[in-house]
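Here is a short briefing to read alongside the model. Take a look at the sequence and structure first, and then we can walk through some local details together.

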Amino acid sequence: MTVDVFTQTALLGNPVAVVLNADGLSDAQMQAFARWTNLSETTFVMQPSAEGEAAGADYLLRIFTPAGELAFAGHPTLGSCHAWLAQGGQPHNPDQVLQECKKGLVPITAKGHGSLFFEAPSLESNEVSEAEIAPVLQALGLEREQLLMIRSLYNGSPWLGLLLDHPDTVLGAEPDFAALKKLGAKAGLAAIYEAEDDAPLIGRSSREARAFAKQAEEATQEKVTSTQPRLEVRALVGETSSEDPVTGSLNAALAQWLTGEGLLQAPYIAAQGVCVGRDGQVHIQTGSNGKLWVGGHTVTVVSGSVLL
């Protein structure tokens, strides 16, 4: 299946290719298919390992980019769970699905209106030196005074989190992907909408957004009027020289970092994808266990068979 994630409207979110019943495929076969789909991630759902099964896992998920395997990724987690449930998967616990992946066990739950949420995995957060900051800012086309905070973030997927001074700065950044690739950087740009800001429906202050304004406004007007975003996000990946449309792992890391700093408070919505013609909505909530949960809507776009 191909599932569009973080959207209620097909083709406005982030797609993931999901191969179900993938037991028996070799690493080389999985990597070759992920390279062929050329999506940001392709996943393979199989039976849990002995350790995972003992811990109550419902399935094991392998997550591949065109270049290699990830220990964890957010939108593939939600899209794969959607596909597994759509094909008749029955969780051991009726209240949640338990995914096994290389990062560990990830609980996933449905929270109404067709949305799925995963529990944000543990986060490693480290300081970034001024010497490291300068070439990254240059590659992103940003000035030092536009950067408020920066951290190296890892939750199974590595990100360089940059909190910028204004959403317009996020939307207006023009990255040099060749320079980012040379640095090996995955940059997550974010800026907070202040309460008095007119949080734009789809970032109409950016040049790219204006070109996309009419289509997205018509598709999303009803739902967004009552759910304005609190955070604007972009994910710029040097390795693939591309911008990821809507990114669960990055939003999970940003949520843990920024709420930990007292700059944001859950629940909130992050908007992402406008500069690549998408209208992603990532919902951040606090669970009953006190941990952050990251979720959104998922939509089936393709369903069929793959010959591997």
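**Cores, a helix and a buried glutamine**

Not counting residues up to four places away in sequence, tyrosine 59 touches Val45, Met46, Pro48, Thr77, Ser80, Cys81, Trp84, Val97, Leu98, Gln99, Glu100 and Ile108, where contact means heavy atoms within 4.5 Å. This is a predicted model, in which local features need pLDDT of at least 70 and side-chain atom pairs count only at pLDDT 80 or more, while totals for chains, interfaces and linings use all residues. Residues are numbered from 1 along each chain as its sequence is written, and side-chain values use heavy atoms, with hydrogens and water left out.

**Nonpolar cores**

- Tyr59 is among the residues with the most contacts inside the largest nonpolar core, which has 50 residues. A nonpolar core is a set of buried Ala, Val, Leu, Ile, Met, Phe, Trp, Tyr and Cys residues joined through side-chain atoms within 4.5 Å.
- Helix 8 (residues 248-260) gives the largest share of this core, seven residues. Helices (H or I, at least four residues) and strands (E, at least two) are DSSP runs, numbered from the N terminus.
- Because domain 1 (2-120 + 297-302) and domain 2 (124-195 + 225-287) both give residues to this core, it lies between them; the domain bounds come from an automatic or database domain assignment.
- Another core, of 20 residues, lies apart from it, and includes Leu162, Ala185, Leu189 and Leu236.

**Helix 1**

- Met30, Gln31, Phe33, Ala34 and Thr37 are the buried residues of helix 1 (residues 27-37). Buried means under 20% relative accessible area, exposed over 50%, and partly exposed in between (1.4 Å probe, protein chains only).
- These residues sit on the same side of helix 1 because they cover an arc of only 165° around the axis, taken from the directions from the helix axis to the C-beta atoms.
- Ala28 and Trp36 are exposed on the other side of helix 1.
- Strand 2 (14-19), strand 3 (42-46), strand 4 (59-64) and strand 5 (69-70) are what the buried residues of helix 1 pack against.

**Glutamine 272**

- Glutamine 272 belongs to strand 15 (residues 268-272) and is buried, with a relative accessible area of 2%.
- Its side chain makes a polar contact of 3.0 Å with the side chain of asparagine 251. A polar contact is a pair of N or O atoms within 3.5 Å; within protein, one must be able to donate a hydrogen and the other to accept it, and residues adjacent in sequence count only if both atoms are side-chain atoms.
- A polar atom of the glutamine 272 side chain also lies 3.4 Å from the backbone oxygen of proline 245.
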